[in-house]
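Please have the sequence and the model open as I talk.

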Amino acid sequence: MATERTADIYPAIDVALVRRLVDAQFPQWAELPLELLDPSGSDHVIYRLGEELSVRMPRHAGAIGQARKESEWLPRLAPHLPLAVPVPVAVGEPDFGYPWPWAVSRWLDGEVATVEALADSSVAAVELAEFLTALQQFAPKDILDGDVREDLTGRPLADRDRATRAAITEVDGVFDTVAMTDLWDAALGAPGWDRPPVWFHGDFHTGNLLILDGRLSAVIDFGGLGIGDPACDLTIAFTLMSAGSRAAFRAALGVDDATWTRGRGWALTTALNAYTSYAAVNPRVAAQTTRQITEALIG
């Protein structure tokens with residue numbers, strides 16, 4: 001799931017580096033053109049490779065496990081999910097001064113979902129609930145019968161307490177700090193997940209959804225995929241939806257009060273982390289996270 005930034009290193013990633021890596025490790029694609037996808041995400045630089053492939057280069061150490069995780073799990077998940085997900089093709093190795101594994105996947109057509117397109121769509125909200133329901137019902141016996149692997153174990157909400165309270169203080173005067181503190185206290189005090197652990201996407205927000213011809217078409221970026229409390233995936237209700245579609249989403253997913261409150265806490269803490277990290281330099285992030293905080297406070 002989306003995590004707070006630590007002392008990451010940010011290697012320089014440009015088309016020359018990506019060209020060298022592709023040509024050296026996958027010569028069968030050496031003749032395919034590379035085109036930078038702009039804007040890329042905060043975790044990856046993304047290039048389109050020819051017409052049918054994409055190259056995803058982690059920007060920082062927090063994203064370095066995604067290539068191998070997706071290669072392992074997405075082929076197993078895809079047949080069970082009602083929306084398309086990335087199809088991994090290859091995992092590249094560190095080279096030419098670039099320090100981490102990187103991924104080649106099939107290109108997915110579509111545009112990033114927007115509030116303008118889908119906020120008021122109860123149809124889209126129900127489709128997202130159906131996607132999460134299918135994901136939560138995925139039950140590979142070799143994982144759920146044993147201990148959950150470390151790379152699939154999500155961090156509890158309480159781990160973000162100190163950083164979240166610091167961020168609330170930092171944005172005093174921009175947002176209602178009393179309301180944010182009350183919500184955060186409520187989220188930490190809500191009863192925890194008391195049912196068997198289920199799968200969660202871990203970074204389920206607007207930027208990781210694609211639409212095609214006005215309809216939801218794909219879910220991407222499964223670096224935060226894990227098993228445990230699914231409340232983190234409720235973030236989508238506050239990044240994308242309005243009050244009406246949010247109610248349809250909650251009803252379709254069957255979310256109890258405690259899980260909903262923890263979900264609001266996840267929406268608040270991830271938005272605060274992104275706002276304090278990027279809002280001053282990225283107006284798009286500022287607008288998105290401002291909306292997310294506002295909607296999380298509404299509930």
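Predicted model: local features only at pLDDT ≥ 70, side-chain atom pairs only at ≥ 80, totals over all residues.

Setting aside its neighbours within four places in sequence, Pro75 is in contact with Glu70 and Pro88. Pro75 and Val87 are twelve residues apart in sequence, while their C-alpha atoms are 6.9 Å apart in space. With a relative accessible area of 45%, Pro75 is partly exposed.

Which residues have the most contacts inside the largest nonpolar core? That core has 59 residues, and the ones with the most contacts inside it are Leu128, Phe131, Leu209 and Phe249. Helix 4 gives the most to this core, with eight residues. If you pick out Phe131 and leave aside neighbours within four places in sequence, you will find it in contact with Leu81, Pro82, Leu83, Val85, Phe204, Val219 and Phe222. Apart from this core lies another, of 19 residues, and among them are Trp29, Tyr47, Leu49 and Val104.

Staying with helix 4, I would like you to find Glu127, which has its place in that helix. Glu127 is buried, since its relative accessible area is 17% and the cut-off for buried is under 20%. Not counting residues up to four places away in sequence, Glu127 touches Arg215 and Leu216. Glu127 and Leu253 are 126 residues apart in sequence, yet 10.0 Å apart in space, C-alpha to C-alpha.

Leu253 brings us to helix 9, residues 243–253, whose buried residues are Ser245, Arg246, Ala248, Phe249 and Leu253. Seen down the axis of helix 9, these buried residues fall within an arc of 160°, so they line one face of the helix. What covers the buried residues of helix 9 includes helix 4 (122–137), helix 8 (236–239), helix 10 (257–278) and helix 11 (283–298). Just after helix 9, Gly254 takes a positive phi of about 70°.

Next, I want to follow helix 10 to two of its partners. How do helix 7 and helix 10 cross, left-handed or right-handed? Helix 7 passes helix 10 in a left-handed crossing, and the axes of helix 7, residues 177–189, and helix 10 come within 8 Å and cross at roughly 130°. The two helices are therefore oblique to each other. On the side of helix 7, the contact is made by Met180, Leu183, Trp184, Ala186 and Ala187, and on the side of helix 10 by Thr261, Arg262, Arg264, Gly265, Leu268, Thr269 and Leu272.

The other partner is helix 6, residues 161–170, whose axis and that of helix 10 come within 10 Å and cross at roughly 55°. Helix 6 and helix 10 are therefore also oblique to each other, and their crossing is left-handed. Here the contact is made by Thr164, Ala167, Ile168 and Glu170 of helix 6, together with Thr269, Leu272 and Thr276 of helix 10.

I will finish with some loop residues. Phe96 lies in the loop between strand 4 (88–92) and strand 5 (102–106), and Phe96 has a positive phi of about 50° although it is not a glycine. Phe96 is partly exposed, with a relative accessible area of 34%.

Asp221, in the loop between strand 9 (215–219) and strand 10 (226–228), has a phi near 60°, a positive value in a residue other than glycine. Is Asp221 buried or exposed? Asp221 is buried, with a relative accessible area of 10%.

Not counting residues up to four places away in sequence, Thr206 touches Val112, Ala113, Thr114, Ile236, Thr239 and Leu240.

Note on methods:
Residues numbered from 1 in each chain as written. Heavy atoms only, no water. Buried < 20%, exposed > 50% of the residue type's maximum accessible area, 1.4 Å probe, protein only. Helix = DSSP H or I, 4+ residues; strand = E, 2+ residues; numbered from the N terminus. Arc of directions from axis to C-beta. Contact = heavy atoms within 4.5 Å. Core = buried A, V, L, I, M, F, W, Y, C linked by side-chain atoms within 4.5 Å. Axes fitted to C-alpha atoms, helices over the stretch in contact; angles between N-to-C directions. Parallel < 35°, antiparallel > 145°, perpendicular 65-115°, else oblique. Left-handed = near helix turned anticlockwise from the far one by under 90°.
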